[in-house]
Amino acid sequence: MDFELNDTQRLVQQTARDFAQKTILPVAAAIDKEERFPADVMRGLAELGLLAVNVPERLGGAEAGTVSYALAMMEVARTCASCAVTMAVTNMVGEVIARFGTPAQAEKYCRGLADGSLVAGAFALSEPEAGSDPGSMRTSARKVGDQWILDGQKQWITSGAHAGVMVVWARTGGPGTGGISCFLVEKGTKGLIIGKHEDKMGLRGSNTVGLAFDGCAVPESALLGELGGGFKIAMMALDGGRIGISSQAIGIASAALDEAVAYAKDRKQFGKPIAEFQAMQWQIADCRTELDAARLLCFRAAALKEAGKPHAKEASMSKVYSTEAAVRICNRSVQIHGGYGYTREFAAERHLRDVRVTTIYEGTSEIQRTVIARSVLR
Ligand code: COS
């Protein structure tokens, strides 16, 4: 067993850390306050290869592996969680197209996602009435001549208004998970309507919209993977996506803990720094322990994925534990900051708002537990 990072992983971690600390951190509060989509940050991430960390080099990616991807996500999320989720979904879309796309699809889209010319990728699975149960989706695609015509609605689509390409799931056959296929839809396609921008509690710099497809025609060549094979593509993509969200939560919680520690050493009450009180020390000890446990679960899931081994259960274990621990850590950080933690003067409140959704999106904690229990009880 080896707990050391290899040279590539260290390089990716350091590259992401330098960029995040120098370029993202100074604008993170403004991105949140102004609800600004981080287009400049995305361009910078693209230049460093961080929008396609685990995509093959021949398609423009960094081909640095899943552990490197997790490390890069942690560093970016430590500074700006909105940038991190935009980066995560773009990486996930690039990976899905590289894995399931035809050579022509991969060549066309992976390079554009990697070099930033497509701005971002979007993953359009959820619908207003199909969240935890994507197998009940209603968006449809019917074949007319040499085109597919998409009709329906999608909900909670990260970067939906900015993405140059989106992966869209639609029903091409009967009911159930076997009747779902997957399509690549480009920004600006006629009949693709960008809907309401969500006014969210956190991740305010990330763009979240609904989408409507109203007779949206895409060519035959837009089908990704096999006809009727879309649900499995979604599940496999989400196994990897959950490692990304786990990393995001760990990054946010790392920042919350660092800031709580600095504050506890600085803030004096009853004549001494509050860090000298056991009440603070025990909270800090719990945060550190939970954060390390989360990192270990996350790296194990990432290493399994990188080795091409089954990792669905481990990705769910990583996600449920990391995100729930991260919510606790960010909450404790606000508590340690006292009244100041409840103001915008410190980042603690932003971390708590940003981290809250991590137990919900890319599969709720309840769904992660379902996946784990099914695997244990099988
Ligand atoms: N990898 C590969 N294949 C998978 C898979 C995985 N991780 N999980 C399921 N499948 C396959 C199954 O093997 C099954 O294949 P067969 O039809 O050949 O037997 C098929 O997919 C259907 O699986 P299942 O019957 O388990 O589907 P369910 O509808 O019961 O759904 C859960 C299973 C709950 C795990 C799934 O619906 C889920 O992940 N829901 C949450 C969705 C989500 O995360 N939404 C967030 C939106 S994205 S931001």
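First, the conventions. Residues are numbered from 1 along each chain as its sequence is written, and side-chain values use heavy atoms, with hydrogens and water left out. Since the model is predicted, local features need pLDDT of at least 70 and side-chain atom pairs count only at pLDDT 80 or more, while totals for chains, interfaces and linings use all residues.

The domain assignment, which is automatic or from a database, gives domain 1 (7-119), domain 2 (122-228) and domain 3 (231-377). Over C-alpha atoms, the centres of domain 1 and domain 2 are 22 Å apart. Each of these two domains puts 23 residues into the contact, meaning heavy atoms within 4.5 Å.

Next, the area. Domain 1 and domain 2 bury about 1,900 Å² between them, 65% of it on carbon and sulfur atoms; that is accessible area (1.4 Å probe) lost on being put together, summed over both parts. On the domain 1 side, E35, F37 and Q105 supply 29% of the area buried against domain 2, more than any other three residues.

Finally, the elements, taken as DSSP runs (helices H or I, at least four residues; strands E, at least two). On the side of domain 1 that touches domain 2, two or more residues each come from α1 (7-33), α4 (81-100) and α5 (103-114). The largest share, 10 residues, is from α4.

Note on methods:
Buried area is the accessible area (1.4 Å probe) that two parts lose on being put together, summed over both.
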